[in-house]
Amino acid sequence: MSDICIVPFAEAHVKAVADIERACFADPWTEDGLREELDNSCARFLTAVDETGTVAGYIGCHTVLDEGYIANVAVSPDFRRRGIGRALVDALLARSADLAFLTLEVRVSNEPAIALYTGCGFQPVGTRKKFYSHPTEDALLMTRFPAKEESV
């Protein structure tokens, strides 16, 4: 993991992040959709980049007032099992102390992601029935309360 840096999402990352989206998700974001996030004042997107400038993964979060909603966490199949997903979540958490909570949805079958989020302090708080398509599947809703946990 030492050769990976977490940096703010930039125009130079759009194509690579779109490629990662297509490799990881049944309904991926488009390059245009990702590009719109660059000018979105409510977006907090970060990318993991190796020493050659290759994008290894990214995390995207949207904020509404003091609430954070993680849209996606994705790591390129070529970079998995190296702690990059954890580094991305940790970096977002470090930049989210101003939020009352962060929440996300994850496929109920995605045990590695659930383990990652649990390890980062997220707790299951509910289920969204038939939230995902391709295939149809429930989502586990998980939430973390950074400000509350870090002030104890």
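Modeller: The largest nonpolar core comprises 27 residues, and those with the most contacts inside it are Ile 70, Tyr 117 and Phe 122. A nonpolar core here is a set of buried Ala, Val, Leu, Ile, Met, Phe, Trp, Tyr and Cys residues joined through side-chain atoms within 4.5 Å; buried means under 20% relative accessible area, with a 1.4 Å probe and protein chains only. Two or more residues each come from strand 2 (43-50), strand 3 (55-64), strand 4 (67-75), helix 3 (84-94), strand 5 (101-107), helix 4 (111-119) and strand 7 (137-144). Helix 3 gives the most, with 6 residues. Helices (H or I, at least four residues) and strands (E, at least two) are DSSP runs, numbered from the N terminus.

The model is predicted: local features need pLDDT of at least 70, side-chain atom pairs count only at pLDDT 80 or more, and totals for chains, interfaces and linings use all residues. Residues are numbered from 1 along each chain as its sequence is written, and side-chain values use heavy atoms, without hydrogens and water.

Leaving aside residues up to four places away in sequence, Tyr 117 touches Val 73, Val 89, Leu 104, Val 106, Phe 122 and Met 142, a contact being heavy atoms within 4.5 Å. Another core, of 12 residues, lies apart from the largest one and includes Val 14, Val 17, Val 49 and Ala 74.

In the protein as a whole, 42% of the 152 residues count as buried. Among contacts between residues at least 6 apart in sequence, 59% join residues at least 24 apart.

How values were computed
Buried means under 20% relative accessible area, exposed over 50%, partly exposed in between (1.4 Å probe, protein chains only).
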